[in-house]
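Here is a friendly walk through one model, from its domains to its helix packing. Have a look at the coordinates first, and then read on.

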Amino acid sequence: MSNNISRRSLIAATALLAAPTTLRAQTSARLLIIGGGFGGASAASFARRHYPEAQVTLVEPNTQFVTCPYGNLLLAGERQISHITHSYDGLRARGVRILHDRAIGIDAPAKRVRLQGGDTLTYDRLILSPGIAMRWGAIEGYDQAASEIMPHAWVPGDGTQTLLLRRQLEAMPDGGVVGIAIPANPFRCPPGPYERISMIAHYLKKHKPRSKILALDAKEAFSKQGLFQDGWRALYGEMIEWVPGNRDGKVVKVDPRERVLETEFGTRHKVDVANVIPPQSAGTIAIEAGLANDTGWVPVNTRSFEARAAQGIHVIGDANIPGPMPKSGYIAHSTAKQAVASAMAGLRGEAPPEALYFNTCYSHVGTDYGISVVGIFRPNADGTAIAEVPNSGGVSPRGDLPEQRRLEAIYADTWYEAITKSMFG
Amino acid sequence: MLRLAFLGLSLCALPGLAQAQAPSPAAAIAAEACFGCHGPGGQGATGGAAIAGRDKAELAATLIAFRSNERPGTIMGRIARGYSDAEIAAIADFIARQR
């Protein structure tokens, strides 16, 4: 402690004249990032832009990144897989060392990570952005094999799941029923299932107008609910039936062969296409490293994103417990930067910087009908909590506001273009 | 770059120092939130105005006008209401420096 204080006063006292050697030694830190999604790619880009001396290594099994955002527009037939697939070349050009391998074990005390390919990497700080894992079996009968018949399309990987669901929608005859099982909170992308309902309805209205969507939900309420339901009525009439948990909406069992979704009180819904979004947890590596608590998600310091269970490991993205913040791409992007700045400060023996986290999630209700939710969040000083800034943010206004909806659909495209460029450009 | 400012400055303490010193990491992170729609470095994106390098006072005044609903917007009012005057000044300063 006294060492830190004296070093800090020394740097302050001598301004930067005497500091370069010390700073160079400290900033040539080895920053290891696991996971190349919204959290990990954002962390890598930010680290290279702002800490040029740091050695930044990114471990990601996929050679390209397929985004979850705009996957629903692919389901609508409004985007191709190439539109939502991004190369890691931009990060490579920034000087990020990219290893297309899978991290399979973390030795926190030794600061080492084992890779499936056999290598072991050592780090000074680890940024862990492992995404989510499906809790196979949480819905009876829903395992990996079942997901090849009833896709979740919730972890795109190489795009296989999203494309599978799209093909099933294309193959379904007019008059068919699309069943969608939606989990309880918390899960990745709270408004995502409802945008998916909207975008599937958009496709069906255009090509298979006698079809129905049966959305079976474990919850009684959802993100931007009023706005979504206003839009559904306006654009799709009676096509969508949403069944909340208290009206037996919770799917507890599936029969992939019969394409049946069975709810809590034993109602068996036979559907033509089944999209099952199962309960989730933090990515497997976080669980196996003992970073998660019994909820399956990782408790973190809300200011540094350091895992409560291990020093020097900053857990970002959907895997952590984010307080009132949503598990969204924008929050992963925003908190990734704070985690990197905190990691670099930590290596100097300094406290994490002041923090403000930022989120905007756009959803498409129709292709020209966008809605949004905004949140600005601040952690407390000791990193034990996060609060939304009072009287800020919130959802789009309700009412008959066609120009607002039209603009927000355009701004959703803007967001997608800008944020993916910020991450990968 | 950012390391120049690792002297324990807080975001709120920034505005007075903004002329003389490089932005703190806190200011950079707060301002980069804008780039998720206004493009990398604030250079603009289809439908997202280019904000990089605009006058600091003009940027701050625009955000404050969004915050008070004096300037109509679809989303910027909801965003601007999340920030104090000092935070807006620090964000405006950071964006004004982008080229």
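The centres of domain 1 of chain A and domain 2 of chain A, taken over C-alpha atoms, are separated by 29 Å. The domain assignment places domain 1 at 3-134 + 280-424 and domain 2 at 146-276 of chain A; such bounds come from an automatic or database domain assignment. Please keep in mind that this is a predicted model: local features need pLDDT of at least 70 and side-chain atom pairs count only at pLDDT 80 or more, while totals for chains, interfaces and linings use all residues. Residues are numbered from 1 along each chain as its sequence is written, and chains are lettered from A and ligands numbered from 1 in the order in which they are written.

Domain 1 of chain A brings 34 residues to the contact and domain 2 of chain A brings 34 residues, where two residues are in contact if their C-beta atoms, placed from the backbone, lie within 7 Å. On the domain 1 side, the elements giving two or more residues include helix H4 (71-75) and strand S20 (357-366) of chain A. Helices (H or I, at least four residues) and strands (E, at least two) are DSSP runs, numbered from the N terminus.

Chain B meets chain A through 32 residues of chain B and 42 residues of chain A. On the chain B side, H1(B) gives the largest share, six residues.

Within chain B, helix H3 (residues 56-67) packs against helix H5 (residues 85-96) at an angle of about 135 degrees, with the axes 8 Å apart. Axes are lines fitted to C-alpha atoms, for helices over the stretch in contact, and angles run from 0 to 180 degrees between N-to-C directions. That makes H3(B) oblique to H5(B); angles under 35 degrees count as roughly parallel, over 145 as roughly antiparallel, 65 to 115 as roughly perpendicular and the rest as oblique. Among the residues making this contact are B:Leu59 and B:Leu63 of H3(B) and B:Ile88 and B:Ala92 of H5(B).
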